[in-house]
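Colleague: I'm new to reading protein models. Could we go through this one together, one question at a time?

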Amino acid sequence: KGARQQAWVGMAATVIVILLAIPLIWFAARYISRSLQALANGVEAIRRFDFHQPVSVPSRISEVHALGLATEEMRLTIQRFLSIAQAVSAETRLDHLLPLLLRKTLNAAGGNAGVLYLVEGNVLTVAAAFDRDGKDVTQAVANTSIEQALPVIGSVAHANIPQTRHFTADEIRDANLEMLTMMQASHVAAIPLATRQDELLGVIVILRDTPLEAAQLAFVSTLA
């Protein structure tokens, strides 16, 4: 009799626990579904090319929160890309287009300074240049050759793929780019400007105080 009573007590306790857990499970499921619905609405807006609606997914669940942040970053990246592409495509004059392309690329990459070279054979002609203050210093930067330029430019010209490297102040001075960095060492990213047939037309050189992140490098490479 005592064993049977203990069994009934155990069963009753189990039923009570289940009944108490049901509302908690329902609230938890509702909380998760609300976050996922907000995420789905954001993705649907992106599918419709509506990039003005921020993807906000407040959630204490780390995976859902991380997914919401990644989706918002995707929205901002696409919006930024389309904005830059529209601005560049609207410019018809080459002498205005190249400085605009350089400035937009610097903004996207978080660059402190930069220069855009046109490549013709072994000669690098400066088409646009901005220093750390954002000042146009195109006329102050001398044309050069691939051999005399920063080695990373030669690597880009040879492989036709983006390259990054850190350079000392002396190496930057030897490449006649010291007016861009105020005689400071810099992390440099070189982005090729090429045709669909992989013919190299130019090189964008971005100078930063910190290394360019992989996502930023991929973005500006796609832009170029």
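Colleague: Which strand does helix 4 run at about 165° to?

Modeller: Keep in mind that this is a predicted model. Helix 4 covers residues 151-159 and lies across strand 1, strand 2, strand 4, strand 5 and strand 6. The one it runs at about 165° to is strand 4.

Colleague: OK, and what is the order of the six strands in that open sheet?

Modeller: Start from the edges, strand 3 (144-145) and strand 4 (163-167), which each pair on one side only. With antiparallel pairing, the order reads 3-2-1-6-5-4.

Colleague: Which residue of strand 6 is the bridge partner of leucine 118?

Modeller: In strand 6, the bridge partner of leucine 118 is glycine 202.

Colleague: Which residue takes a positive phi in the hairpin of strand 1 and strand 2?

Modeller: Look where the strands meet: glutamate 120 has valine 123 of strand 2 as its bridge partner. The hairpin has two residues between the strands. The one with a positive phi, near 70°, is glycine 121.

Colleague: Is strand 1 largely enclosed or open, and why?

Modeller: Here "buried" means under 20% relative accessible area. Six of the eight residues of strand 1 are buried, so the rest of the structure leaves this strand largely enclosed.

Colleague: How many residues does the largest nonpolar core have?

Modeller: Nonpolar side chains tend to be buried together in soluble globular proteins. Tyr117, Ile153, Leu177 and Leu180 have the most contacts inside it. Tyrosine 117, for instance, touches residues including Leu124, Ile153, Leu177 and Val205, and the core's size is 26 residues.

Colleague: Last one: what volume does the second largest pocket have?

Modeller: Helix 2 (62-90) and helix 7 (214-223) are the elements that give two or more residues to its lining. Among the lining residues are Glu73, Arg80, Gln216 and Phe219. The second largest pocket has a volume of about 170 Å³.

Terms used. Residues numbered from 1 in each chain as written. Predicted model: local features only at pLDDT ≥ 70, side-chain atom pairs only at ≥ 80, totals over all residues. Heavy atoms only, no water. Pairing = 2+ DSSP bridges. Helix = DSSP H or I, 4+ residues; strand = E, 2+ residues; numbered from the N terminus. Contact = heavy atoms within 4.5 Å. Axes fitted to C-alpha atoms, helices over the stretch in contact; angles between N-to-C directions. Core = buried A, V, L, I, M, F, W, Y, C linked by side-chain atoms within 4.5 Å. Buried < 20%, exposed > 50% of the residue type's maximum accessible area, 1.4 Å probe, protein only. 1 Å grid on protein atoms, 1.4 Å probe; cavity = no way out; pocket = protein on both sides within 12 Å on 5 of 7 lines; lining within 4 Å. Points joined across faces, edges and corners; volume = space filled by probe spheres on them. Lists of a residue's contacts leave out its neighbours within four places in sequence.
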